[in-house]
Amino acid sequence: MTSYSRRTLLKTGAALAGASALGFPAIVRAQATRIKIGHLVPLTGFLGAIGSYAQLGVKLAAEEINQSGGILGKQIDLISEDSVNPATASTKAQRMIEQDGAVVLLGEISSASSLTIMQVAERNKKVFFSTGARSDALRGKNCNRYSFHCDIPNTVMVNAVGTALNQKGMVKGKKFFTLTADYIFGHDLLKAAKTFFDANGATLAGDELIATDVTDFSPYLLKVRQAKPDVVCCNLAGNQVTNLVKQYAEFGFPYPLVGFNLNTGDAWAAGEGNLSGTWPTVWYHTLDNPASKAFVAAFTQKYGKPPENHAWIEYVTLKLLAQAINEIKSTESDALIAHFEKQTEFDIMKARKGYFRSWDHQLVQEAYPFTVKPKAEMKDKWDMLALGDAVPVAAEPLEKIYPTKTQNPCEMKA
Amino acid sequence: MQFAFLLEQVVNGLVLGGYYLLIALGLSLIFSVGGVVNLAHGAFFALGAYVSVEITKYLGFGSAVVLSPIAVAMLGILFERYILRRFYTADPILSLLVTFGLAMVAEQAIRIIWGAPPISAAIPPALRGSVFLGDFLFSRYRLLILAVVIGVLVAVWLLLHKTSFGRVVRAGIQRPDMVAALGIRLQPYMTAIVMLGVGMAALAGAFFAPITIVQPAMGADIITVAFVVVVIGGLGSFWGVVIAALLVGVVRGITIHFEPAAGEASMYVLMFVVLLVRPRGLLGERIEKFE
């Protein structure tokens, strides 16, 4: 028998196990045609679950655009890949521009990966629509001329949930314990949360920074119990939200759990009776307006389930991008930037239209706090959320919930 | 007070270690007997979770945690008979590659069958909440898992040490040539060991589906931890794996208590230290065929 030392075997095994931990590649490509658009979204790792919805949304938009004649008479060639992690995201973005000839990039959910793609976009002078990343810093100190931001930022999520919590008397004089994702997004969200607590008379009893690969929260939950807070607040993202929600229900603590970040996909995965509390969302498939209903119907017919909010943001972004290119008859970056900086309003399937704010390039729009429906009121397993009133209220300008120019340190280089 | 909290983390870590143990013990057995590092072990864990969620819909949680491991163990027969068996005497790199490939195939198969988004699962209402034992807080559900792990552990130990089946398996680990010379075919034993191993992984999957996210890559996430536990415990040693699993759980809990950021790294540091002091692992036996 061939003799291989155990040491060699262990080393190889460890290397392979390590490689498998990085995630297996999941690559999907559309047919090759004319106008190339690069799309990156995490399909593996802790954001992979919601990323898969994002990919479905962008593919549906590309198909519909192609069926109705494409962009400038040409068909879209959507190159959609797994962004994996910040380093890979940046490499792939560079390759999409350089080798594949993508004229514009869109996608991403991870704020860390989005940041690296933003740098690639700026270096190559190509426009990038960061669809699902929520860190304030991306629109703030890290902003650049070539990057646009479509999702609601952390500050808006905190304001949306905070407003709802304030109405319930759950903020003033209360002790909060936060569990925060240990990367740019979480740090940023914690900062926004602290600002909110300070402004509204709440205190922070404790915070735990949690690495993004944690799946077992029991040691942290024991620490929560030691602190005996009034409210526990989740500042996590992706799969971790689902894991925490499940394990929080498992331990059955008396302290209410709320959160400043949630994607519908995480809520759907939580399981019956596990999710409670007040959370923010950017869009939900039960919103009652014609554009939203048409999208939900088309998506459900194609995929057999309703769209998640990341499917929505990707769909809307590619659609408004196609519309813009058709209007200005150009895919040149400067022309696109000039067009979006005019603050043109778009129908984004909400009661009020949205627009990209000219000086920091973020899509200004409504947000919603929600609570969880009692089971008896759910029409189906997707119908989980009871949306609160949109913030800001109709009489107030949309920008009220966004950071002002003095609060948001975005300075774009020409 | 500080001490009580720390003790609470230690006990919680022991419970968590029990969960690692279910996966690592099978991995260790398959490696010890067959000489194959089964990188597809995590896939059986994931399958166990998915199948149990499906069964729960029709027959309830109680049936699911029993039937799912049995179903996956049946799959283990095919896995051993048609794939693993070809690689016992081959270059180890080949079995690593084939099981690694199989893990990918399994993950993508789950994506095709159940979809990429996670599926939902919940603890039965009766098992929710926590109980106080003196000053300690336990999740009721985890206490149940702990009881199941102890039961499985005792059963496996009895199987390996008190039955003729176990004697052959243990002899097969040390001297397969002698076993063959005595006229005993090791192959049926290996089939049984693989069934047992992947069945335990599926059992872990079934019990953890309600408290962790059920998604296609869950198998790839767990295999690393299981592998670390096996390496720390040492090959061929039942108690080595048990101690290592508990140690990893406890060290993680204590680390999170004092230095949360280092929590996930703690088990690798532990592995590093153990391998420095005892290259064979804590209780690793000297196995001739691997030297």
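**Figure 1. Strand S10 of chain A pairs with S9(A) in this predicted model.** Cys234(A) has Gly259(A) of S10(A) as its bridge partner. Three bridges link S9(A) to S10(A), residues 257-259, in the parallel sense. Between these two strands the chain passes through helix H9(A), residues 239-251. This β-α-β crossover is right-handed.

**Figure 2. Strand S9 of chain A, residues 231-235, is buried along its length.** Five of its five residues are buried, so the strand is largely enclosed by the rest of the structure. Val231(A), Cys233(A) and Asn235(A) point one way. Val232(A) and Cys234(A) point the other way. S9(A) also pairs with strand S7(A), residues 175-181, through five bridges. S7(A) and S9(A) run parallel. Here Thr180(A) has Asn235(A) as its bridge partner.

**Figure 3. Three strands of chain A form an open antiparallel sheet.** The strand order is S12-S13-S14. S12(A), residues 345-346, and S14(A), residues 363-364, are the edge strands, and each pairs on one side only. S12(A) and S13(A), residues 354-356, are joined by two bridges. Glu345(A) has Tyr355(A) of S13(A) as its bridge partner.

**Figure 4. Gln343(A) and Met349(A) are non-glycine residues with positive phi.** Gln343(A) has a phi of about 60 degrees. It sits in the loop between helix H13(A), residues 333-340, and S12(A). Gln343(A) is exposed, because 11 other C-beta atoms lie within 10 Å and the limit for exposed is 12 or fewer. Met349(A) has a phi of about 65 degrees. Its place is the loop between S12(A) and S13(A). Met349(A) has 22 C-beta neighbours inside 10 Å, so it counts as buried under the cut-off of 20 or more.

**Figure 5. A cis peptide bond joins Val391(A) to Pro392(A).** Omega is near -5 degrees. Pro392(A) lies in the segment after strand S16(A), residues 385-387.

**Figure 6. Domain 1 and domain 2 of chain A meet.** Domain 1 covers 31-153 + 288-366, and domain 2 covers 155-286 + 368-399. Their centres, taken over C-alpha atoms, are 26 Å apart. The contact involves 30 residues of domain 1 and 30 residues of domain 2. On the domain 1 side, two or more residues each come from helices H2 (48-67), H4 (111-124), H5 (136-139) and H12 (309-328) of chain A. That side has 17 nonpolar, five polar and eight charged residues.

**Figure 7. Chain B contacts chain A.** Chain B contributes 54 residues and chain A contributes 52 residues. On the chain B side, at least two residues each come from helix H1 (2-34), helix H4 (92-114), strand S2 (136-139), helix H9 (218-233) and helix H10 (238-258). H4(B) gives the most, with seven residues. By class, the chain B side holds 33 nonpolar, 13 polar and eight charged residues.

**Figure 8. The largest nonpolar core has 225 residues.** Tyr20(B), Leu22(B), Ala24(B), Ala226(B) and Val229(B) touch the most other members. Both domain 1 and domain 2 of chain A give residues to this core, so it lies between them. Leaving out residues up to four places away in sequence, Tyr20(B) touches Val225(B), Ala226(B), Val229(B), Ala245(B), Val248(B) and Gly249(B). In soluble globular proteins, nonpolar side chains tend to be buried together.

Terms used. Residues are numbered from 1 along each chain as its sequence is written. Chains are lettered from A and ligands numbered from 1 in the order in which they are written. This is a predicted model: local features need pLDDT of at least 70, side-chain atom pairs count only at pLDDT 80 or more; totals for chains, interfaces and linings use all residues. Helices (H or I, at least four residues) and strands (E, at least two) are DSSP runs, numbered from the N terminus. Two strands pair if DSSP finds at least two bridges between them. A crossover is right-handed if, with the strands pointing away from the viewer, the path from the first strand over the helix to the second runs clockwise. Two residues are in contact if their C-beta atoms, placed from the backbone, lie within 7 Å. Ala, Val, Leu, Ile, Met, Phe, Trp, Tyr, Cys and Pro count as nonpolar, Asp, Glu, Lys and Arg as charged, and the others, Gly among them, as polar. Domain bounds come from an automatic or database domain assignment. A nonpolar core is a set of buried Ala, Val, Leu, Ile, Met, Phe, Trp, Tyr and Cys residues joined through C-beta atoms within 7 Å.
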